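This report goes through one model, element by element. The sequence and structure come first, and the notes follow.

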Amino acid sequence: MHDVTHAKQRRRDLILAAVFVALAACVPLFVKDVYVQNIMVLTLMYAGLSQSWNILGGYCGQISLGHALYFGLGAYVTAILLTKFDVLPWFGMLTGGIISALIALALGYPTFRLGGHYFAIATIVIAEIAYLLFLNWDWAGAALGIDIMVREDSWAKFQFTRSKLPYFYFALFFAAVAWLVTWWLENSKWGYWWRAVKDNPDAAESLGVVVFKSKMGAGAISAFLTAIGGAFYAMFVSYIDPESVMSFQFSLLISLPAVLGGIGTLWGPVLGAVVLIPVTELTRSFIGGSGRGVDLIVYGSLIVIVSLTRPDGLLGLFSRKRKKEAVQ
Amino acid sequence: MTAETIIQSLASGLLMGLLYGLIAVGLSLIFGLMNIVNFAHGEFLMLAMYGAFFLFAFFAIDPLLSMPLVAAGMFVFGAAIYLLIVRFAMRAKTNVGMVQIFATFGLAIVLRGLAQYFFTPDYRSISHSWLGGKTISVGGIFLPVPQLVGAGLAIAAFGALYFFIKRTDFGRALEATREDAGAVALVGIDQNRVFALGWGLGSALVGLAGAIMATFFYIYPDVGASFALIAYVVVALGGFGSVFGAFAGGILVGLVEASTALVMPPSLKAVGIYAVYLLVVFIRPRGLFGSI
């Protein structure tokens with residue numbers, strides 16, 4: 001009985017996702033405003049990034065505050081390969097993803113043994129070391145960063161001078177893939193172990209070795225997808241420096257949509273990004289330069305309020321309603 | 001590199017390290033008491049620095065004199081944060097780890113935003129304070145006076161804290177709550193009160209550090225971030241919860257930072273500190289002097 005509803009729920013999620021993607025794909029036909037399109041691209045990108053973060057931070061409960069490392073690696077590998085070796089960004093993207101996944105595996109081995117806050121601080125510290133190294137690495141542009149010259153409209157080079165639409169469709173594709181990977185993982189053997197050990201240290205103990213391996217896998221997948229997002233961002237803004245792709249601020253921005261929407265849930269990161277990104281972008285542009293910091297106050301308060309009153313995230317509001325309906 | 005430069009930088013490393021210890025001890029105290037990491041600790045330091053700055057700018061009170069005021073203000077602020085936010089974060093039943101990290105993280109972001117909004121992102125500094133800009137020479141080694149006084153203050157504060165924990169009723173209640181919160185409730189100690197006072201005390205200590213640092217460091221909304229990371233390293237080295245550990249960890253971090261700056265470009269000096277953190281937690285996850 002339970003299995004049947006579970007399968008039904010999963011199928012419903014999949015259909016819902018397909019509908020959302022189809023609807024989102026149509027939006028640019030009606031919304032021509034470049035500023036709004038820009039916000040939509042960022043929203044989709046953060047939805048995908050946070051979904052990737054959520055695989056490790058939410059489902060495995062390993063709160064990483066250093067995902068800027070993988071994001072920055074994806075951006076840097078793509079930009080360096082393109083500007084110095086003329087390698088097409090698609091290969092750069094893949095290379096960046098693989099390098100990030102390998103680094104995540106190497107780092108996961110010692111860090112996954114650490115307890116909660118020791119782990120979180122270790123991730124901050126590791127990303128910060130990488131940030132400082134890139135800031136002082138002359139060959140990679142140091143503090144000046146790397147400028148990607150945009151010369152022509154080309155899908156092969158993933159550069160577009162006039163229209164934002166190709167970026168929009170890639171960001172949509174990225175968010176959809178990250179969602180699909182999560183959807184698939186949820187029902188895998190790994191997903192089952194993660195649920196079993198979550199908030200249950202005894203189960204974690206008895207499943208020790210297998211869970212450790214599954215966390216390594218989650219770390220690698222999460223890093224790979226995050227790096228893809230970073231590579232996309234580099235091509236989208238066509239200029240990167242350590243501050244804009246590897247600073248701590250990014251680690252935070254990647255985790256926040258999931259935390260707000262519902263950590264360790266399929267739809268949380270999507271909902272969180274749809275709420276958070278437009279709100280921050282709009283406060284920033286409405287209040288303007290004079291009110292620097294208002295966007296921080298707004299989303300900082302959101303985080304405090306949500307974590308105190310809705311530890312399950314904003315998504316909790318929906319599922320509660322759903323449960324009530326079920327009872328009636 | 002002469003022996004003199006080495007001694008010179010190790011001496012300033014030692015002074016800075018004692019201050020790091022003072023910045024970190026509040027964090028360690030709060031953690032030991034209730035197993036929570038305050039991710040807004042750096043912003044507490046930032047507020048204390050602004051407190052000293054504005055008392056100087058508006059009322060011309062030198063940071064040396066305003067120090068008790070800043071510490072008292074931070075005591076009230078810390079206790080209020082416990083009562084308004086942390087108390088509720090501790091009641092979480094689901095996603096406990098996430099709630100504890102992000103409740104104080106969100107607070108850090110709000111405080112930083114408020115500072116940017118009200119104080120502007122400009123860099124401020126206190127000019128012409130009693131201590132600022134002065135150096136003295138001891139046997140050919142130059143020591144900046146603000147850091148020297150800060151180091152002396154840190155030693156005094158650690159001494160007072162030690163005495164306070166061992167000899168006063170509140171200190172004993174603090175220790176007892178740390179050992180076994182459940183049993184403490186049975187003998188009629190109000191756990192909530194102890195926690196609030198613990199947050200107050202921890203924040204007052206970072207207030208002391210902030211007031212002295214305002215005399216020789218730029219003051220801006222993000223100033224807390226890098227010091228917070230150093231404070232986490234200090235606390236992890238010394239072992240979360242250990243007061244003596246924060247003292248020793250601070251000195252160690254100061255010395256590591258100074259030695260890194262000798263062999264690497266100054267902009268990379270923090271790498272040495274971070275590397276030490278990773279080394280310690282990978283080899284000995286409890287920290288050097290930690291019991292938990």
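## A helix of chain B and its packing

The buried residues of H5(B) pack against helix H1 (3-34), E2, helix H8 (191-213) and helix H10 (243-263) of chain B. Packing here rests on contacts, where two residues are in contact if their C-beta atoms, placed from the backbone, lie within 7 Å. Helices (H or I, at least four residues) and strands (E, at least two) are DSSP runs, numbered from the N terminus. A residue is buried if 20 or more other C-beta atoms lie within 10 Å of its own, exposed if 12 or fewer, and partly exposed in between, with C-beta atoms placed from the backbone. The buried residues of H5(B) are Pro146(B), Gln147(B), Gly150(B), Ala151(B), Ala154(B), Ala157(B), Phe158(B) and Leu161(B).

Helix H5 (residues 145-167) of chain B has 23 residues, which should span 33 Å at 1.5 Å a residue; its end C-alpha atoms are 32 Å apart, so the two values agree. The expected span is 1.5 Å times one less than the number of residues in the helix.

## Basis of the model

This is a predicted model, in which local features need pLDDT of at least 70 and side-chain atom pairs count only at pLDDT 80 or more, while totals for chains, interfaces and linings use all residues. Residues are numbered from 1 along each chain as its sequence is written, and chains are lettered from A and ligands numbered from 1 in the order in which they are written.

## Chain B as a whole

Chain B contains 11 helices and two strands, and its elements follow the order α-α-α-α-β-β-α-α-α-α-α-α-α from the N terminus. The C-alpha trace of chain B spans about 60 × 50 × 35 Å along its principal axes. Its radius of gyration is 19 Å, which agrees with the value near 19 Å for a compact globule of 292 residues. That radius is taken over C-alpha atoms, and the globule rule is 2.2 Å times the number of residues to the power 0.38.

Of the 292 residues in chain B, 51% count as buried. Among contacts in chain B with a separation of 6 or more, 78% are between residues 24 or more positions apart.

## The strand pair of chain B

Strand E1 (residues 135-138) and strand E2 (residues 141-144) of chain B run antiparallel and are joined by four bridges; two strands pair if DSSP finds at least two bridges between them. Ile136(B) stands opposite Leu143(B) in E2(B). Two residues lie between the strands of this hairpin, and Gly139(B) has a positive phi near 55°.

## Where the chains meet

The contact between the chains takes 38 residues from chain B and 35 residues from chain A. On the chain B side, helix H3 (63-89), helix H4 (96-119), helix H9 (223-238) and helix H11 (269-283) each supply at least two residues. H4(B) gives the largest share of that side, 16 residues.

Most residues other than glycine have a negative phi. Ala142(A), not a glycine, has a positive phi of about 45° and sits in the loop between helix H5 (116-135) and strand E1 (146-147) of chain A. Ser238(A) also has a positive phi, near 55°, in the loop between helix H9 (208-237) and strand E2 (239-240) of chain A.

Ala24(A) belongs to helix H1 (residues 2-30) of chain A. Ala24(A) is partly exposed because 18 other C-beta atoms lie within 10 Å. Ala24(A) and Tyr169(A) are 145 residues apart in sequence and 9.2 Å apart in space, C-alpha to C-alpha.
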